[in-house]
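Thank you all for coming.

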Amino acid sequence: MDNVLPPRDITNSSVNVINGRVVLVYSNGSVNNVSFTFAVKNNTLGNPKCVFWNFSLFDNTGGWDSKGCALVRNTNKAVTCNCNHLTSFSILMSPYSTGSLVLDYITYVGVSISMASLVICLIIEAVIWKKIRRNNTSYLRHVSIVNIALSLLIADIWFIIGAAISDAEEINQPACNAATFFIHFFYLALFFWMLASGLLLLYRTVNVFDGGLSKTTLLAFGFTLGYGAPLVIVIITVAVTAPKQEYIQGTEVCWLNWYKSKALLAFVIPALVIVVINLMILLVVIFKMLRRRSVGDAVQAAERHVLVVIARTLAFLTPFFGLTWGLGVGTMTNPDNEGILIAFAFFNSLQGFFILVFGTLLDKKVRSEITIRSQSSRTGTRSTSAGISSTLGFFRNWRRGRDGYNVSSAASSGAHSGVNI
């Protein structure tokens, strides 16, 4: 039968081959589900798909379809499938396995760089946190950056957990569902906090800075949008797809299903819509700021600096995220194109690094504050005795600098202290 039925699937892909026997099953009784274990003919092929022959495809000429069938277990020599109906069954496998060594290296090295960058970003934000409370717009900007970095960091952690679950010989289905839930949620939170940052920029640019919404109100709005909206989308996705067992991509990978339920659109559509909205916000803000610049002193210098920093951050990160997840759409429409897969893995793995650079390090006030802390640390280290570590000296000087005092003493009997304003 494998010589009679062509190895075309619902996407009309020509790269797949039938890599097991074709099984024809008929029963007079009703069958809710049935499991098959196929002996794999060619161990060099990958990406097994459990399929049945659907006579209605391709103008009733027929083709292989995976609807109602799920991969249960995949080993080197056997593939186990579970289907909820009876007909002709087999497995389709591709010579283009997503288990490419190049993709693995790019993904894991890139994710490691991304996570390290995000940790550094959060540490810097913690060190300068007291200084940014002086200006409401600056404070809200840094709240957005912290939550963007935190969301991506947690999403990367769950990505590693999901990859470990997928690589196991026997997939833990509840654990895979949980990993998919949190990856989906925190990746969406990243984009919705980007949207919150864009809306803050628009509000502060259009508003005349002499009143309006309070900082508490803006914070409540930011957290509701940043975490509330993703939670609603994720819960609806689970409620719609999980009862049909179409939430994740079978047991091949812990991520949203595409071929059966199109659940992946619950991430792609919100992400790309937010990218478009932020690009539109940037155009409006640039126009407003150019007009206001010609008027004169309508905007305070400190406020203007913060708005420029927000605009510059969005101007770099929004196209970058748009390109990254545009490539993600390409991996869905052309999953056998290894060039698109490698490009997507590369850009996706560097998101944390770009958040560190454009969200934190390119802010000159952040850099000057880091320089002051570093100089204060070196001064404190020279003035301490040999038995005190440089780390303790750094934190002592940091505490003094936070309170507005710079205390210098020559010995333990220190004669005086000075106030640095």
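Predicted model: local features only at pLDDT ≥ 70, side-chain atom pairs only at ≥ 80, totals over all residues.

Please look at C176 and C254, which a disulfide joins with an S to S distance of 2.1 Å. The torsion about the S-S bond of C176 and C254 is -125 degrees, and the link is left-handed. C176 lies in helix 4, residues 173-206, while C254 lies in strand 10, residues 253-256, so the pair ties together parts of the chain that are 78 residues apart in sequence. Both ends are covered: C176 is buried because its relative accessible area is 1%, under the cut-off of 20%, and C254 is likewise buried, at 5%.

While we are at helix 4, let me point out Q173, which also belongs to that helix. With a relative accessible area of 33%, Q173 is partly exposed, whereas C176 is buried.

How many disulfides does the structure hold? There are 3, and if the bonded cysteines of the protein chain are numbered in sequence order, the pairing reads 1-3, 2-4, 5-6. For anyone who wants the reminder, a disulfide is a covalent bond between the sulfur atoms of two cysteines.

Let me take the disulfide of C50 and C81, where the S to S distance is 2.0 Å. The torsion about this S-S bond is about -75 degrees, so the disulfide of C50 and C81 is left-handed. This pair links distant parts of the chain, with C50 in strand 4, residues 46-54, and C81 in strand 7, residues 78-83, 31 residues apart. Are these two cysteines buried or exposed? C50 counts as buried at 4% relative accessibility, and C81 is buried as well, with a relative accessible area of 1%.

Strand 7 takes part in another link, since C83 of that strand is joined to C69 of strand 6, residues 69-74, and this pair, 14 residues apart, again connects distant parts of the chain. The sulfur atoms of C69 and C83 are 2.1 Å apart, and with 115 degrees about the S-S bond this link is right-handed. Here too the ends are covered, C69 counting as buried at 4% relative accessibility and C83 being buried at 1%. One further cysteine deserves a mention for its burial, namely C121, which counts as buried at 0% relative accessibility.

Staying with burial for a moment, I would draw your attention to helix 9, which runs over residues 351-361 and is mostly covered, 8 of its 11 residues being buried. Which residues of helix 9 are the buried ones? They are Q351 and G352, then the run from I355 through L356, V357, F358 and G359 to T360.

L265, I269, V273 and I277 together make a nonpolar surface patch of about 290 Å². V273 lies in helix 6, which covers residues 265-295, and V273 counts as partly exposed because its relative accessibility is 42%, a value between the cut-offs of 20% and 50%.

R312 is partly exposed, with a relative accessible area of 30%.

Let me finish in helix 7, where A315 is also found.

How values were computed. Residues numbered from 1 in each chain as written. Heavy atoms only, no water. Buried < 20%, exposed > 50% of the residue type's maximum accessible area, 1.4 Å probe, protein only. Disulfide = S-S within 2.5 Å. Helix = DSSP H or I, 4+ residues; strand = E, 2+ residues; numbered from the N terminus. Patch = residues over 30% accessible without salt bridge, like charges linked within 9 Å, V, L, I, M, F, W, Y side chains within 5 Å. Areas by Shrake-Rupley, 256 points an atom, 1.4 Å probe, with all protein chains shown as cover. Salt bridge = Lys/Arg side-chain N within 4 Å of Asp/Glu carboxyl O.
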